[in-house]
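Visitor: Hi! I'm new to this one, could you walk me through it?
Guide: Happy to. Let's bring it up.

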Amino acid sequence: MDTKFISNLKQCRQLKNLTQEELAEKVFVRRETIVRLEAGKYNPSLKLAFDVSRVLQVPIEEIFTFI
C-alpha cells in the first residue's frame, strides 16, 4: 500500500531562496530526488524528511502532509 502525501516542499524551499540543486546538496541527495519530492511522487525516508526539515528550518508536518 502506497502512502500518499501532499508536499509543500517547493514553497518552503523557495521561501529560503534555495534552488533544488542547493537543497539536494545540503541533504545529500540528487536534484532529481528533490524534483520528485516536490511533485509528491517520492515518499521520503524519515531521515530525509528530518534532514529537509532541519535545512529549511520548518517542521516536517508543514513540509509533508501524509494522507
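Visitor: Which side chains does Asp51 or Lys47 meet in a salt bridge?
Guide: Those two pair with each other, at 2.7 Å from N to O. A salt bridge here is a side-chain nitrogen of Lys or Arg within 4 Å of a carboxyl oxygen of Asp or Glu. This is a predicted model, where local features need pLDDT of at least 70 and side-chain atom pairs pLDDT 80 or more, while totals for chains, interfaces and linings use all residues. Residues are numbered from 1 along each chain as its sequence is written, and side-chain values use heavy atoms, with hydrogens and water left out.

Visitor: How far apart are Asp51 and Lys47 in the helix?
Guide: They are about one helical turn apart, because four residues separate them in helix α4. Helices (H or I, at least four residues) and strands (E, at least two) are DSSP runs, numbered from the N terminus.

Visitor: Is Asp51 buried or exposed?
Guide: Asp51 is buried, at 12% relative accessibility, whereas Lys47 is exposed at 57%. Buried means under 20% relative accessible area, exposed over 50%, and partly exposed in between, using a 1.4 Å probe and protein chains only.

Visitor: What else does Asp51 meet in a salt bridge?
Guide: Arg54, at 3.9 Å from N to O. Shared partners join Lys47, Asp51 and Arg54 into one network of salt bridges.

Visitor: How many salt bridges does the whole structure have?
Guide: The search finds four. Another of them links Arg30 and Glu32, at 3.3 Å. Arg30 is exposed at 58%, and Glu32 is partly exposed at 38%.

Visitor: New topic: which residues touch the most other members of the largest nonpolar core?
Guide: Leu9, Leu23, Leu56 and Ile63, out of 18 residues in that core. Such a core is a set of buried Ala, Val, Leu, Ile, Met, Phe, Trp, Tyr and Cys residues joined through side-chain atoms within 4.5 Å.

Visitor: And which helix gives the most to this core?
Guide: That's α4, with five residues.

Visitor: What covers the buried residues of α4?
Guide: The cover includes α1, α2, α3, α5 and β2, counting contact as heavy atoms within 4.5 Å.

Visitor: At what angle do the axes of α2 and α3 cross?
Guide: Roughly 110°, and the axes come within 8 Å. Axes are lines fitted to C-alpha atoms, for helices over the stretch in contact, with angles running from 0 to 180 degrees between N-to-C directions. The two helices are therefore roughly perpendicular, a label for angles of 65 to 115 degrees.

Terms used. Angles under 35 degrees count as roughly parallel, over 145 as roughly antiparallel, 65 to 115 as roughly perpendicular and the rest as oblique.
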